[in-house]
Amino acid sequence: MQTNNRNEGKENQKLIDAQGWYCHARLVPSPHYDTRSDPSDISLLVIHNISLPPGQFGGPYIEDFFLGKLDASVHPFFKVIENLRVSAHCLIRRNGEVVQFVPFDARAWHAGVSSFAGRDKCNDYSIGIDLRVQTMSLTPMSSTSVYSG
């Protein structure tokens, strides 16, 4: 597994490099992505909340899930999701660390079958950010919780 924080000692650099990686992120490349139909069309930010197992915090489970390495024997919920192939562009941990799994110019598999403002296939034109949350919200996000531009 490749991990890398490229923020050490670098000043005056672009925040996103030519390969689509955020310079302040720890890189943990996921196999769960593919190419966008139009890499220049990124017009939606989708923010998810996540804890694995649900309602529990700590451990390597989110990274393992996005890498396809989740051990289904660790928790009963993991049996439910073990065959899913999911990723996000980034995970923001509670301590502020940014972990990037997929370059921004590629299509992460975070939104599933989806639509926004009448447009289908949100993965094609969105950036997916997962926040490691302390509590799970069971209420849907309002349209004001998602920035589109």
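This is a predicted model: local features need pLDDT of at least 70, side-chain atom pairs count only at pLDDT 80 or more; totals for chains, interfaces and linings use all residues.
Q: Is T35 buried or exposed?
A: T35 is found in strand β2, which covers residues 33-35. Exposed means over 50% relative accessible area. T35 has a relative accessible area of 61%, so T35 counts as exposed.

Q: What separates the C-alpha atoms of T35 and A108?
A: T35 and A108 are 73 residues apart along the chain.

Q: Which element gives the most to the lining of the largest pocket?
A: The largest pocket holds about 220 Å³ of space and is lined by 16 residues. Two or more of these lining residues come from each of β3 (44-50), α1 (61-67) and α2 (76-81). With three residues, the element that gives the most is β3.

Q: How many residues in the lining of the largest pocket are nonpolar?
A: I50, L52, F65, V86 and D130 lie nearest the centre of this pocket. The lining has five polar residues and one charged residue. The nonpolar residues in the lining number 10.

Q: Which element gives the most to the largest nonpolar core?
A: This core has 18 residues, and those with the most contacts inside it are L52, F65, F66 and F101. Two or more residues come from each of α1, α2 and β6 (106-108). With four residues, the element that gives the most is α1.

Q: How many residues are in the second, separate core?
A: This core includes W21, L27, C90 and I129. Its residues number eight.

Notes: Residues are numbered from 1 along each chain as its sequence is written. Side-chain values use heavy atoms; hydrogens and water are left out. Buried means under 20% relative accessible area, exposed over 50%, partly exposed in between (1.4 Å probe, protein chains only). On a 1 Å grid over the protein atoms alone, a cavity is a set of points where a 1.4 Å probe fits but cannot get out, and a pocket is an open set with protein on both sides within 12 Å along at least five of seven lines; lining residues have an atom within 4 Å of a point. Grid points are joined across faces, edges and corners, and a volume is the space filled by probe spheres set on the points. Ala, Val, Leu, Ile, Met, Phe, Trp, Tyr, Cys and Pro count as nonpolar, Asp, Glu, Lys and Arg as charged, and the others, Gly among them, as polar. A nonpolar core is a set of buried Ala, Val, Leu, Ile, Met, Phe, Trp, Tyr and Cys residues joined through side-chain atoms within 4.5 Å.
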